[in-house]
Each structure stands twice: as structure tokens, then as C-alpha cells.
Amino acid sequence: MRLVFVIVVAVVAALLGAPAATAAEPARVVGVRQLSPTHSVVDVYSPAMNRVVPNDVLRPARGGSLPTLYLLNGALGNEDGVGWINNSGAPGFFADKNVTVVLPIGGRLSFYTDWLADDPILGSNKWQTYLTQELPGVMDQHFGSTRRNSVAGVSMSGGPALDLAVQAPGLYRAAASISGCPASSNPLAQAAISIMIGGALNNPFNMWGPPGAPAWAQHDPSLHADRLRGTAVYAGSASGVPGPVDRIPPGSIPPFGGAAVEAMVNTCTGIFADAVRRAGVPATISMRGEGSHSWALFEDQLKEAWGTTIAPALGTR
């Protein structure tokens, strides 16, 4: 009994003397830079990726409790300064709208999803976790929002915007793909996506595995159209043939590259359109006869998505 007593005392003493386990740091705002009365950059720490993600935020000067639109950038995630803020009229368009627009900066070539493996160059990509589990709560608390959310993406992030709505049912009242590919498991799309990621010397298999692996189908909105029921959906694309909407200066070389990309995403959008139709899921599908993969086209589609789909779903204007 004396020996047992000594052992118990020793164990208790060891437990009391041991350092307390460190709780995981929560997602939180770590910095705010006010660039203008309607534009700020809010830095948010992401536990999932263990890094700080800057987010452009557009809000009307009058402020108040507002719904939120998470507006995703294109291929390089605005890391190169190319995105909605600098290449479109989005800031001016939303200046008088009753909505908070949050635009994450980062996620180049990530397709805003959770990668199966870290990439030697891109590092840890857990963007689905960030956008669905971390950022919304932080933004709701920081701005005192109405907790009515929507998501939209362009080009690289178009299909993923719809996928985020599939993966996080109930989080977004509206989801929009703007010249994106919402049919990621289609063989043409798998090849294009793999080439896009691999062309920057990253390993595309770190995302969803090799083409044909189960995750490609798991993140294909066209294969899960029924899970978008109850979400206001918009999907837009164009034929790839340049037209007035592109606002190409006279005498300029035609955007052959943009034409090819837009023709490819037009095929994806057509597949998605057929899928929502078969599933009986209401959706606004806008497949234009003219338009190349240009910011002028994207801006026009954003305005169309806002008016037909996003604003009504958020109950705002």
C-alpha cells in the first residue's frame, strides 16, 4: 500500500507539473489596412494553412450589418495584382450596393480546394476549409454581418465556387461561376487543369490525385447538381469568338489564347447546364454567342450574376 501511495503521488505530481497542452490557434483578424472609405485589406490567420491570408474587402461607406459575397480571383489569386480589384470595375459597381464583398488574395493555381498533399512550391492548400470553416465566421464577427453568404468565382475559381456550395450545403444562399469550368472531371477539363497547374512546375497530382482519381468526381459540380437544390445558381460563359463585350481596342491582335480558354469553359458550362436541367435544379445559365476570356466579359457577367441571382438570394440590392 505504501508503494502504491508513492506511485500515485508521483503520477499526480508529474501531471500537475506538466505544461498544459497548447490549444490550436483560432482563425482571427490579425491586421486591417484601410485604403479608402470603401476598401480595406483584412489580414486573417488561417489555422488550416498556418499562414496569414490578406483579403480585399469592399463595403459601402455607410457600413452597417450587411450580407456577404465571397468573390474569388482567377488563376494567380491576385498575387500578381491581376484580379477583380485592378482589372475590372467591381470596386465602383459595389460602392453603392448593400453588401460586403470579400476577395481573398492568394491561392494561385489552387482551385480553392483542399489539396490531398502539400506541394513543394505552393505549400499547404486548404482553401475549402479556409473559405467554408474559417473566413466566414471571422468576417461575420468582425463586421457584424447578417450571416447571409454567397460565393462567386472567375476562370480558375468559377467551377470551385459552385463546388464550395456543394461541399458546404447551407452556407451560401447563392453561387456563381463566371467563365469557369463546373465540370472538372470531364476528360478535356482534367487535361486542361493538369496542364495549367503543371505548367508552373507544380505537381497537379497533389490536388485531387491523378486524372480519374475519385476526388476529381467528388469536386465536379456537374456530377452533384442535386446538392445545389435550394441554392441560387448562376453559370456563365461565351463561345470564345471575340465580340463587342470584350472591348478590344481597334487594331489589336485578336486574343487567340483567351478565345481557346473561353471555348473550353463554354463546353464545361454546357455540361453543367445539362446536369442541372436533368436534376430539376433551377439555375441561370448564360452562354453567349460572342466573348473571349477577357476581364470586360467577366465584369459584364458579374453584373448579370448579381442582378439575376446573387442580390435576390441575399435579399439586397
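Okay, so α4 and α5 sit oblique to each other, oblique being whatever is left once under 35 degrees is roughly parallel, over 145 roughly antiparallel and 65 to 115 roughly perpendicular. This is a predicted model, where local features need pLDDT of at least 70, side-chain atom pairs need 80 or more, and totals for chains, interfaces and linings use all residues. Numbering starts from 1 along each chain as its sequence is written, and side-chain values use heavy atoms, without hydrogens or water.

Helices here are DSSP runs of H or I, at least four residues, numbered from the N terminus. The axes of α4 (residues 127-143) and α5 (residues 158-167) cross at roughly 60° and come within 11 Å; they're lines fitted to C-alpha atoms over the stretch in contact, with angles from 0 to 180 degrees between N-to-C directions.

Who touches whom? On α4, Q128, L131 and T132 meet D163, L164 and Q167 of α5, with contact meaning heavy atoms within 4.5 Å.

Now the largest pocket: about 280 Å³ of space. A pocket is an open set of points on a 1 Å grid where a 1.4 Å probe fits, with protein on both sides within 12 Å along at least five of seven lines, and lining residues have an atom within 4 Å of a point. Volume is the space filled by probe spheres on those points, joined across faces, edges and corners. Of 20 lining residues, F111, M156, I193, M196 and M264 are closest to the centre. Helix α6 gives the most to that lining, four residues.

How values were computed: Helices (H or I, at least four residues) and strands (E, at least two) are DSSP runs, numbered from the N terminus.
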